[in-house]
Amino acid sequence: MISVLTPLQQDLLVAASSTGDRASNAWERWSRAADLDALEPGAYELLPLAFRNLEKQNPPGIAFRKAAAIYRHTWCANEVVLRRAARIAATLQTNRIEFALTGDIALTLAAYPDPGARPITSIDILVPADS
């Protein structure tokens, strides 16, 4: 099944991942058209990254303030998850069990500007079957 983004979803994705006027213009279109009380699928998860991407430009309006609040909430929630994951990792290391962090944590730490830019929904850890 092929999923096609709506024009609104496309604008938010461009605002979150592009630079300069392209990002600003996409944010302006998105913020004018979006229903902040009933976000489209995926919008909540993209808003923290859009905030970080546009933070220096500081666009006017309530949508950007809401994106900032969602970013702060995401950062705080992720810090709790990351601390929990660090404790698990320390226990595995203490017991000399090889492991690899995968999923949300690995992607967030490797590809995003900071832990608040992408929600971490789970702690995924791979360990050898014989451990």
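Colleague: Which is the crossing of helix 2 and helix 3, left-handed or right-handed?

Modeller: Helices (H or I, at least four residues) and strands (E, at least two) are DSSP runs, numbered from the N terminus. A crossing is left-handed if the near helix is turned anticlockwise from the far one by less than a right angle, and right-handed if clockwise. For helix 2 and helix 3 the crossing is left-handed.

Colleague: At which pLDDT do side-chain atom pairs count?

Modeller: Residues are numbered from 1 along each chain as its sequence is written, and side-chain values use heavy atoms, leaving out hydrogens and water. This is a predicted model: local features need pLDDT of at least 70, totals for chains, interfaces and linings use all residues, and side-chain atom pairs count only at pLDDT 80 or more.

Colleague: Which word describes how helix 2 and helix 3 lie to each other?

Modeller: Axes are lines fitted to C-alpha atoms, for helices over the stretch in contact, and angles run from 0 to 180 degrees between N-to-C directions. The axes of helix 2 and helix 3 are 11 Å apart, and the angle is about 135°. Angles under 35 degrees count as roughly parallel, over 145 as roughly antiparallel, 65 to 115 as roughly perpendicular and the rest as oblique. Helix 2 and helix 3 are therefore oblique.

Colleague: How many charged residues does the contact of helix 2 with helix 3 have?

Modeller: Contact means heavy atoms within 4.5 Å, and in helix 2 the residues Ala 23, Ser 24, Trp 27 and Trp 30 meet Leu 47, Ala 50, Asn 53 and Leu 54 of helix 3. Ala, Val, Leu, Ile, Met, Phe, Trp, Tyr, Cys and Pro count as nonpolar, Asp, Glu, Lys and Arg as charged, and the others, Gly among them, as polar. By these classes there are six nonpolar residues, two polar ones and, as for charged residues, no such residue.

Colleague: How far apart are the axes of helix 1 and helix 2?

Modeller: Helix 1 and helix 2 have a left-handed crossing. They are oblique to each other. Their packing angle is about 140°, and the distance between their axes is 7 Å.

Colleague: Which is Thr 74, buried or exposed?

Modeller: Thr 74 is in helix 4. Beyond four places in sequence, Thr 74 touches Pro 48, Pro 115, Gly 116, Arg 118 and Pro 119. Buried means under 20% relative accessible area, exposed over 50%, and partly exposed in between (1.4 Å probe, protein chains only). At 4% relative accessibility, Thr 74 counts as buried.

Colleague: What is the relative accessible area of Leu 39?

Modeller: Leu 39 is in the loop between helix 2 and helix 3. Not counting residues up to four places away in sequence, Leu 39 touches Trp 30, Tyr 44 and Leu 47. Leu 39 is partly exposed, its relative accessible area being 24%.
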